[in-house]
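Dear colleague,

I am passing on the structure we spoke about, with the sequence alongside. Please look it over before reading the notes that follow.

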Amino acid sequence: MSAADYDRANAPFMAVVDALAPQDWSRPSPCDGWTARDVLFHVVDTQRDVMMRAGHDLGMPPDLDDPPLGWRAHAESVARLLADPVIADQQVPAMGGTAALGEVMTRFYGFDLLVHRWDLARSAGLTADWTDAELDEIEAALDGFGEQLYGEGICRPAVPVPADAPRPDRLLARMGRDPHWGR
């Protein structure tokens, strides 16, 4: 993932972050036991973790008392690092071996931005529709994770939905999310 790729993945996520009202950040999210702020903290924390394990300092964690401002500062720091091709091409541990840091950011953390965008939107009663290309990306990521998808800290076990449910609902159910949560 280059800085431009990260910015493209981040833009719709940022739009949802900006759409939440201050009171929405303390509302429950589709992630059991987490508020919307907890979801955002998770996204920041996991991205910081992979970058810092690769030896890249992102400075102090952003202040999430103002979530849009904190997220924007974090995302700019990540994009700045990924703008360096040496950093983006750096080999880091990944599921099943090693991969370029930019590829890890695309495969896993790009997936995270898509899925948690939905979680944040639903916590505030908003919609966060995915494009067909984003649905393809989510499905490819789910296929690529295999059974590791249901490992600790990734996704809960799949929940049932009708076979003829819309594709987004089927993918959400596959990730252990109730597609009708918050509706």
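How many residues lie between β1 and β2 in the hairpin that they form, and which residue in the turn has a positive phi? Please bear in mind throughout that this is a predicted model. There are two residues between β1 and β2, and the residue in the turn with a positive phi, of about 80°, is G96. The two strands, β1 (91-94) and β2 (residues 97-100), pair in the antiparallel sense over four bridges; within this pairing Q91 stands opposite A100, while V92 stands opposite A99.

Turning to the helices, the axes of α1 (residues 3-19) and α3 (residues 67-82) come within 10 Å and cross at roughly 175°. Because angles over 145 degrees count as roughly antiparallel, α1 is roughly antiparallel to α3. On the α1 side the contact is made by A3, Y6, D7, N10, F13, M14, V17 and D18, and on the α3 side by P67, P68, W71, R72, H74, A75, V78, A79 and L82. Sorted by class, the residues of this contact of α1 with α3 are twelve nonpolar, two polar and three charged.

The remaining feature to report is the largest pocket, whose volume is about 800 Å³. It is lined by 34 residues, of which F108, D112, F145, G153 and I154 are the closest to its centre.

With best wishes

Notes
Residues are numbered from 1 along each chain as its sequence is written. This is a predicted model: local features need pLDDT of at least 70, side-chain atom pairs count only at pLDDT 80 or more; totals for chains, interfaces and linings use all residues. Side-chain values use heavy atoms; hydrogens and water are left out. Axes are lines fitted to C-alpha atoms, for helices over the stretch in contact, and angles run from 0 to 180 degrees between N-to-C directions. Angles under 35 degrees count as roughly parallel, over 145 as roughly antiparallel, 65 to 115 as roughly perpendicular and the rest as oblique. Contact means heavy atoms within 4.5 Å. Ala, Val, Leu, Ile, Met, Phe, Trp, Tyr, Cys and Pro count as nonpolar, Asp, Glu, Lys and Arg as charged, and the others, Gly among them, as polar. On a 1 Å grid over the protein atoms alone, a cavity is a set of points where a 1.4 Å probe fits but cannot get out, and a pocket is an open set with protein on both sides within 12 Å along at least five of seven lines; lining residues have an atom within 4 Å of a point. Grid points are joined across faces, edges and corners, and a volume is the space filled by probe spheres set on the points. Two strands pair if DSSP finds at least two bridges between them.
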